[in-house]
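Let's look at how two protein chains sit together in a model. Have the sequence and the 3D view open as you read.

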Amino acid sequence: MLLSSWWDVRDLGNAVSGLVDALQDAGVPNGVIYSIAALLGCLGIIAFVGATAVINIWVERRLIGRIQVRKGPNRLGPFGLLQPVADAIKLIQKEALQPKSADGVVYSLPPILIFIPAILAFAVVPFGDKMVLADLNVGVLYLLALGSTTAVLIFMAGYASNNKYALLGSMRVIAMLISYEIPSVLALLGVVTFAGTMSLSGVVDFQDTYWSWLIFFQPLAFLIFLLGTTAELNRTPADIAEAESEIIAGFHIEYSGMKFGLFYAVELVNAMGLSAVIAVLFLGGWWTFGVEKVIPGWILFIGKIYAVYFLLIWFRGTLPRFRMDQLMAFAWKFLLPLGLINVLVSAFEVLLWTEYDISAGVILPASVVVNFALAAVLIVGWSKLMMKPFTDVRRRPHLFNEINVPLPGEATPEPAG
Amino acid sequence: MVSSVAIKTEPLVVNIGPQHPSTHGVFRMRVHLDGEVITDAEMVVGYLHRSMEKLAEERTWTQNIPFTDRMDYLAAMTGNLSYCIAVEKLAGIEVPERAQYLRVIFAELQRIASHAMANGTFVNDCGAWQTPLFYMFREREKILDLFEMACGARLTLNYMRIGGVAFEPPDEFWPQLQALIDELPARIDEYDRLLLDNEILVMRSRHVGMLSAEMAINSSVSGPILRGSGVAWDIRKANPYCVYDRMDFDIPVGNIGDCYDRFVVRMEEVRQSLRIIKQALVQLPAGSHTANIPLNLIPPAGEVYSAIESPKGELGFYLVSEGGPTPFRWHVRAPSLINLSPLREMVVGQSIPDAIVTLGSIDINVGEIDR
């Protein structure tokens, strides 16, 4: 297994525990030691978040550029890598305008406060076996709670701007939050039922123990949570809160300069955070079928985060946006029932496993087959049902070789009688 | 004791435009909102008014051609063409066969370019973040390259002349045109696969912005909007100009008259335009590209109205000559303006996103609305 020496780069947690041990030997009080360890962890997370936020600006713009048959930023530095720096310098230099009628404090706070839940989410994410800052035993619950606070801050921003578009945007955020939290929670409930723990490290351990990623046991939950994530992140196809073509920028329309820059950056941090959650819960986190013994697990984990993030970018580059009511209908009529069925089936499988003592070697492969079949049948069938009003009408045009209306001043049919 | 306080409520009035990403220029829609549902809408135009119709009365007949470029700047060819045909009718000028065919080829290329733009922005309005727009731009770009070869300009072309076209296209024009014709069908099929059966796009545009055939005829709309509403009407068929009577093509007609129908009608019209170009290339005769007309053209006194099927609809010119070197009256029947007239009826009762999609499906061009 893992070397527990401090120099082992496969798990940077070893270095910290080595330091803790050394300080304990030197007789430093425990309070100080753990404060130092916690501070190191915080610094690590903030460094990671800051660096990825900057890199993600470039990644996202380049990839969207590729998808849109253009090049993307490629002038500043090698491959345009310095573009985010130039963007940041420009935004800092710009005057931060504030509308006269805006509510000063409530207007200024959200761009700063919104970073708190975004960064806090990383506290429970295990980057490696020991590379987790706070291994909460209610980690999943904690993440869901943090997700909701973001919506409150967005609502604050939109409401305090005193702008009609911002108001519409913030109303949409609240409606969307209420609709999307529930399918997301149900999706995670399926995962938690299966793994039997709410701790994120515990979920990874479960996947390690049973030699399989949870996406194989919970394909439906994965898809539901992925769609819930797009809504939570305000990304296409659920970017109705800032819908560019409708309400211009929605809640952050009145923010300029670095205040806008912070909203822009936090979007990327949030995208990173939720991609990390998906990578932990469904793609095994740092555990990768034994490969993590060769390549450091945290590097594999970051790779997985970017794989999920790429999926989100791909969505953004491809899909049109739902309308408000369609998004609600999608959440309540599609995701919610599917989530409930998924929880029911997962609970039944776990019941068979734990209460009726059917061995894991039988129940786990069986549930993979059952859950995949269930996901395929439900998604295809249910979407056919939901699309009925749209599939009833012929989609292709009729072709006429002649005009079918009388020419002006020519042979108009005589009225009868 | 329960006290009731009367809460003061009032409808939210939002100006969509003139500065808004989805108003395609400087069009303004003043909407009254109840929540997100539009209870009333008012269209405000005039932000791009350049007084072209008055200015044209000060310029000679030939000097007025560049104005027609700057009306619908996404379809300058058809603007040129409509005006030139009107003047030719007024002055009784015979246009050589080859020029007629060249006009058909360029007008149809322009239709493809304009529809590419219209469909790209329409899907953009549905929320697909610019990707379809860039793909459509790729095709439009190739057509603009062809225009550049033929007349040196890409947007404000000024290519048609009274009595023909300005230049004979260079030799290298024809292989490049052929290459475009060869590769476009595959590209259109690709967009069909990407867009037409995209369920989100269908959800966004089906049953949205409905316009019945009766309402469409009563409000005098034309072009893809009229055809989307189920009326097979096309001036190229009804009152053929140039050599359209020798071409075999179909009129695509929508099923129920919603935004999606207008979108697929445009998509199909691109295919039909390609068919026309192919036939025109086969039939293209040798000869002069322009009639021999005097430099200082003075049509006899009289008036004329002549219209063609531009990408956006019926683009007509009403010209009055008093036998002088300049027009006495130069009036344009702009399809963009007239297609807007049923917009209020189409958007009231819908939400803001639907209104944006509806406006996108009408494919307005503010340069043409305001002139």
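This is a predicted model: local features need pLDDT of at least 70, side-chain atom pairs count only at pLDDT 80 or more; totals for chains, interfaces and linings use all residues.

## Where the chains meet

Start with the contact: 40 residues of chain A touch 48 residues of chain B, where a contact means that the C-beta atoms of two residues, placed from the backbone, lie within 7 Å. On chain A's side, α7 (164-195), α11 (244-247), α13 (297-318), α14 (324-354) and β1 (398-400) each bring at least two residues, and α11(A) gives the most, with 4 residues. Those names are DSSP runs numbered from the N terminus: helices (H or I) have at least four residues and strands (E) at least two.

β1(A) and β6 of chain B (residues 251-253) pair in the antiparallel sense over 3 bridges; pairing takes at least two DSSP bridges between two strands. Here A:His398 stands opposite B:Val253.

## A helix in chain A

Now find α8 of chain A, residues 200-209. Its buried residues include A:Leu200, A:Val203 and A:Phe206; buried means 20 or more other C-beta atoms within 10 Å of a residue's own, all placed from the backbone. Among the elements covering them are α6 (139-160) and α12 (257-282) of chain A. Just after α8(A), A:Trp211 takes a positive phi of about 55°.

Residues are numbered from 1 along each chain as written, with chains lettered from A and ligands numbered from 1 in written order.

Chain B has a mean pLDDT of 87, with 99% of its residues at 70 or more; pLDDT is the predictor's confidence in each residue, from 0 to 100. The model scores ipTM 0.82 and pTM 0.86.

Definitions and conventions:
A residue is buried if 20 or more other C-beta atoms lie within 10 Å of its own, exposed if 12 or fewer, and partly exposed in between; C-beta atoms are placed from the backbone.
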